[in-house]
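Thanks for coming, everyone. Please have it up on your screens.

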Amino acid sequence: MGSFNNAWLALGLIGQTVFSGRFLLQWLYSEYKRRSVIPLAFWYASIIGALLLLCYACYKKDPVFIVGQASGLLIYVRNLQMRKRDKKEPAAESELAS
């Protein structure tokens with residue numbers, strides 16, 4: 001049973017590392033662009049980290065942790081949808097102009 005708990009602990013730590021690493025990613029990308037930018041990878045890292053942490057929270061049966069990660073996950077997915085929609089709209093506008 002101890003190795004099973006260690007696997008969950010490892011999952012939680014990996015999730016937290018991915019989730020926290022997204023801020024480092026955003027900072028380095030902004031430095032590279034010389035302006036504040038949120039790269040697409042930030043949202044993917046947010047989703048992956050939140051999913052891993054949500055799994056860990058469910059294992060721990062922590063309702064506060066579960067609600068926090070689940071609500072954040074919805075926001076990250078929605079931001080990703082909006083970014084994808086924004087990329088499609090200019091293409092649609094240029095097709096209408098032709």
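Which residues form a nonpolar patch on the surface? Leu 24, Trp 27 and Leu 28 do, with about 320 Å² of accessible area together. Keep in mind that this is a predicted model. Take Leu 28. You will find Leu 28 in helix 1. Its relative accessible area is 46%, so Leu 28 is partly exposed.

Now the aromatic rings. Two rings pair if their centres lie within 6.5 Å. By that rule, there are seven aromatic pairs. One of them joins Trp 8 and Tyr 59. Their ring centres are 4.6 Å apart and their planes are at 5°, so this pair is stacked; planes under 30 degrees apart count as stacked. Where do the two partners lie? Trp 8 is in helix 1, residues 2-33, and Tyr 59 is in helix 2, residues 40-60. So the pair ties together parts that are 51 residues apart in sequence. Tyr 59 counts as partly exposed, because its relative accessibility is 27%.

Next, Phe 42 and Trp 43. Here the ring centres are 5.0 Å apart, and the planes are at 90°, so the pair is edge-to-face. Are these residues buried or exposed? Both Phe 42 and Trp 43 are buried.

Those two also belong to a cluster. Phe 19, Phe 23, Phe 42, Trp 43 and Tyr 76 form one aromatic cluster. Look at Phe 19 in there. The charged end of Arg 22 sits over the Phe 19 ring, 3.9 Å from the ring's centre.

That's my tour. Over to you.

Notes: Residues are numbered from 1 along each chain as its sequence is written. This is a predicted model: local features need pLDDT of at least 70, side-chain atom pairs count only at pLDDT 80 or more; totals for chains, interfaces and linings use all residues. Side-chain values use heavy atoms; hydrogens and water are left out. Rings of Phe, Tyr and Trp (its six-membered ring) pair if their centres lie within 6.5 Å; planes under 30 degrees apart count as stacked, over 60 as edge-to-face and the rest as tilted. Helices (H or I, at least four residues) and strands (E, at least two) are DSSP runs, numbered from the N terminus. Buried means under 20% relative accessible area, exposed over 50%, partly exposed in between (1.4 Å probe, protein chains only). A charge sits over a ring if NZ of Lys or CZ of Arg is within 6 Å of the ring centre and within 35 degrees of the ring normal. Patches are made of residues with over 30% relative accessible area and no salt bridge: like charges are joined within 9 Å, nonpolar side chains (Val, Leu, Ile, Met, Phe, Trp, Tyr) within 5 Å. Accessible areas come from the Shrake-Rupley method with a 1.4 Å probe; for residues, only the protein chains shown count as cover. A salt bridge is a side-chain nitrogen of Lys or Arg within 4 Å of a carboxyl oxygen of Asp or Glu.
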